[in-house]
Amino acid sequence: MNQAGRARDHRAVELLLPWYVNETLEEHEVQSVEAHLQHCADCRNALRELNALSGAIKRTSATPLVPDAPVDAFLKSLDEAQPQRRPAWYNNWSAIAASLLALVAAGVLYVALDRPIANPDFRTVTQAEGVQISYVFEVEYSGDVEQSRRALAETLPGAMLMQSSGEDRIIVTMDSRTVSELDAFAASLQRIDGIARVALVGVQLPVD
Amino acid sequence: MTNRRLDRTQHDSDADEAGLLREVVEGDRDALAALYRLYHTPLFRFAFRLTNSYGTAEELVNDVMLAVWKNAHQFRHGSKVSTWIFGIAYRQCMSCLRRKRVTIVPDVRIDQIADSARDAIEDSQWIERGLAELPDEQRVSMLLVFYLGCSYGEVAEITGCKEATVKTRMFHARRKLRSNLPSLADPVNREVKS
Ligand SMILES: [Zn+2]
């Protein structure tokens, strides 16, 4: 193997080492790790460190005494919590209808979707094609927040980003979409590096 | 080499858990109770390790299982129940950590402890001091990999990140731990210091 190849190999193996330690690699990965370890002292050191970390984390994670599972109390608490059964979208629809009545005077209507909609073909509020609707998504980050915000702004040039210390919200104005189309849209945003979760939380409608 | 994945405990097979989840969708409380009993301990330990609070950990377990009750219909059959449930736990823990910054440094006087317990506590102080300094995402990754034994694919699914992100995150976590815990690179010294 030439030098560039060896550096690539080193990087790839170094990144796999934690899972070599927890024994979840595929067989071919195990083989490439073991072959590389034979001639790479850096990776052998890294492996020693990871073994020490793994052992310490396993021992201390087992330390806290776990209280008995308070399953009865938990089941009782469900009665206050309103179980979500199918068809969930039906409940949602009545909530949306109620909000519509309450807010129609405002010029712009904001409908909070505090529960997920289970019916994938359900089109939010209007069936009409070509109607522009502002969808409000909540965004959770997993990496560098500023960097992810920039990436998001590049992906969605027309969107409005409302920043907060907890979860940001983005408002995207586009043609009305079905729930499954909105899910796909949110999933595409979730693939941006550093973005952990994107979820639809509300819809803004123009009212005339 | 055997594959020890998330189902490292004596959990029923994943198919059984998926069956329980299907019954939960129909509103079956016994099925929910069975899942609750299965997941209470691993969820509690996971949440406790992240928040260092019994109260918060209990709350989080209940919140997670409540989300299971409400959202069981969203589970996509074909993926693993444990991965799905820990994905919920991950999101709840992360937003809990953002709401209240918790410091994770246990305060135990070592000289008051019997010899047998001392090693465990020194170990736990040493590692917790190190983990406490990591960014939340890196700390959670460490737990997912070394406490729960997740594959990188499972960590990616739980945290909603790409596999490449998961791998570099673990790499940076180890680098950071090495600079915070110099004795990590030098295990002999670790026994002398504490
Ligand atoms: Zn190497």
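For four tetrahedral donors the ideal angle is 109.5 degrees.

Before going on, I noted the ground rules. This is a predicted model, in which local features need pLDDT of at least 70 and side-chain atom pairs count only at pLDDT 80 or more, while totals for chains, interfaces and linings use all residues; side-chain values use heavy atoms, without hydrogens and water. Residues are numbered from 1 along each chain as its sequence is written, and chains are lettered from A and ligands numbered from 1 in the order in which they are written.

**Zinc ligands.** I listed the protein donors (N, O and S atoms within 2.8 Å of the metal, or 3.2 Å for Na, K and Ca; water is not among the atoms, so sites may look incomplete). They are A:His10 through ND1, A:His36 through NE2, and A:Cys40 and A:Cys43 through SG, at 1.9 to 2.3 Å from the zinc ion. Along the chain their spacing reads H-x25-H-x3-C-x2-C. I then checked burial (buried is under 20% relative accessible area, exposed over 50%, partly exposed in between; 1.4 Å probe, protein chains only). A:His36 counts as buried because its relative accessible area is 2%, and A:Cys40 because its value is 9%.

**Chain A.** I counted 7 helices and 5 strands, taken as DSSP runs numbered from the N terminus (helices H or I, at least four residues; strands E, at least two). Their order along the sequence is α-α-α-α-α-β-β-α-β-β-α-β. Of the 208 residues, 42% are buried.

**Cores.** I looked for nonpolar cores (buried Ala, Val, Leu, Ile, Met, Phe, Trp, Tyr and Cys residues joined through side-chain atoms within 4.5 Å). The largest has 85 residues, and B:Phe46, B:Met65 and B:Met142 touch the most other members. Helix H2 of chain B (residues 29–51) gives the most to this core, 13 residues. Apart from it lies another core of 17 residues, including A:Val139, A:Val172, A:Leu189 and A:Val198.

I followed B:Met142 by its contacts (heavy atoms within 4.5 Å). Leaving out residues up to four places away in sequence, its partners include A:Leu53 and A:Ile57, and also B:Met170, B:Ala173, B:Arg174 and B:Leu177.

**Helix H8(B).** B:Met170, B:Ala173, B:Arg174 and B:Leu177 are among the buried residues of H8(B).
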